[in-house]
Amino acid sequence: MDAVWVARPVANAGDDFHESMPDRVRRVGLDIEELENYYRVSVSPQRHARLRQFLSDELDSLFDLDFQQLSKQDQVDFLQLRNHLDRTTQQLQAERELISRIEHLFPFSDIVVELSEAREAVKPLENAYFADQVNAVAKLAQQTQHGVVDGKLHATKTDAFKASKIINELQKHLEEIRRFFGSYDPSFDWWVTAPLKQAVAALREHKVAVERHLVGIGPDGEDEIIGQPIGREALLVELEAEMIAYSPEELLNLADEVFRWCETQMKTASCELGFGDDWKRALDYVKTQHVAPGEQPALAKALALEGAAYVKKHDLVTVPRVADETYRANMMPAALQKTAPFFLGGSGILIAYPLADMDHDLKRMVLRGNNRHFARATVFHELVPGHRLQYYYNGRYNSHRRLFSTPFWIEGWALYWELRLWDRGDFFASPEDRVGTLFWRMHRCARIVFSLRFHLGEWSPQRCVDLLVDGVGHERATAEAEVRRSFAGDYPPLYQAGYLLGALQFDALRGEVLREGSVSEKQFHDAILRGGSMAVEMVRALLLDLPLSPDYKPHWRFYKK
């Protein structure tokens, strides 16, 4: 008998619709993405107001829920979403305050915003008016450029660098408008094309002037390291959003304590290698233990197989066959190595190694920085059981929680495995391997120190580089790449601190959970992966079934000396 299809009420029709918490999280994330894509000019007051209104409405709607009637999983999502909305609101406000401080360097932005938003809304504008407006942009850009060159307009180096990025963005919006209307509207071509090209050229020249005279970037300025410190109050906002119950000063002390422990272990390995307490000589020796040009991909593959085989042999975590067999390896372009001088991973692995056309001294530094023993502690970090395993699970279990992506979970998990394999005692057995992995742990201590001190306004990028070179033993090229990566604007301010702090959180949580004896180590690790990305304090609340409330504040003191 043929199947009979019976019409049923739509699940979300009328007032009976109930939005699950995972669906709410997914919707909010997609709605924010849609709003940001539509109101795309970052300096637009309309964009700021619309996003603020959306975030406020969603917070109000969230608190309309009966928190106590939610499951523990939904309570965790409630708190994570609350934090996400709160932090995004505060970030918007900070962005608005920064724009108001530097808008004298781009007084033409209101015109570009008007034209861009008219284009988005498909709002007809008279082409003669359009031409007048872009002509005004060109004149204002030229006038402002003269003010910069003549020393009449001022800004701090970091503020001016942000202004140069905004000027570049506004230029791209003008170019997009030209692509949208050009050739489709003959009248637009007649009126607007010529003055619009002039405006684009004027903005390009103005950006160069701002970078040259206010930022201090010369013709070879692509190698300049500049960032925007956020200040202590903003750091406290970030720490609360990440559910880290420590002040910046306490975290600096924590990093110093771990670093001292690393130095003690380094000296032990150094003595075994015949260098006495001079661990930096031992480190220099380890850096010479690299493979010949052309052999790095084979080394990476061998190390990847070794790391995966180890965790499977000892039944430490579930490694699905697809996750272990379908990732690809690629070589890292030279440009990317300026910000990522080592391996990168996730869906696959990117291998850093010197390219043939690199400067000789740089080639030597990159070669030393990617030696066998440094690589042995980083390949499994990027693949299995590290980022590759996360990438696999995140797309299949609790995928809505990708909105709550946090370095404390992402990078903390991968670094946690470096700590676990060290503690097991049989993976980093040789003194060379111990020096290699201790270098990375010291590096992660230094990341906490230099990122926090930079954002507290205490250190310059150059001093951050010096810490990595003089304190940890980095090659200068890799140190500069690390600092450039940290402050270029692509990573949130606590990202670099998240590696070691997240790893210490997972390590402390492992001790708490396994002490109860109700789950195995493998079950503990699998539960973390299947739970999805979240603040590690929320992982703890789920695994230990701890009480939560709608006004929950972080309080977990996870670090023990």
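**Note on aromatic, helix and side-chain contacts**

1. Phe130, Phe180, Phe181 and Phe188 form a cluster linked by ring pairs. Rings of Phe, Tyr and Trp (its six-membered ring) pair if their centres lie within 6.5 Å; planes under 30 degrees apart count as stacked, over 60 as edge-to-face and the rest as tilted.

2. The model is predicted: local features need pLDDT of at least 70, side-chain atom pairs count only at pLDDT 80 or more, and totals for chains, interfaces and linings use all residues. Residues are numbered from 1 along each chain as its sequence is written, and side-chain values use heavy atoms, with hydrogens and water left out.

3. The structure has 30 aromatic pairs. One of them joins tryptophan 190 and tryptophan 191: ring centres 5.0 Å apart, planes at 75°, so edge-to-face. Tryptophan 190 is exposed at 66% relative accessibility. Tryptophan 191 is partly exposed at 37%. Cut-offs on relative accessible area: buried under 20%, exposed over 50%, partly exposed in between (1.4 Å probe, protein chains only).

4. Threonine 193 sits in helix 7 (residues 186-215). Helices here are DSSP runs (H or I, at least four residues), numbered from the N terminus. Threonine 193 is buried, at 19% relative accessible area.

5. Helix 21 (residues 495-516) packs with helix 23 (residues 536-543) at about 10°, axes 10 Å apart. That makes helix 21 roughly parallel to helix 23 (angles under 35 degrees). Axes are lines fitted to C-alpha atoms over the stretch in contact, and angles run from 0 to 180 degrees between N-to-C directions. Contact (heavy atoms within 4.5 Å) involves residues including Phe506 and Leu509 of helix 21 and Val539 and Leu543 of helix 23.

Conventions: Helix = DSSP H or I, 4+ residues; strand = E, 2+ residues; numbered from the N terminus. Parallel < 35°, antiparallel > 145°, perpendicular 65-115°, else oblique.
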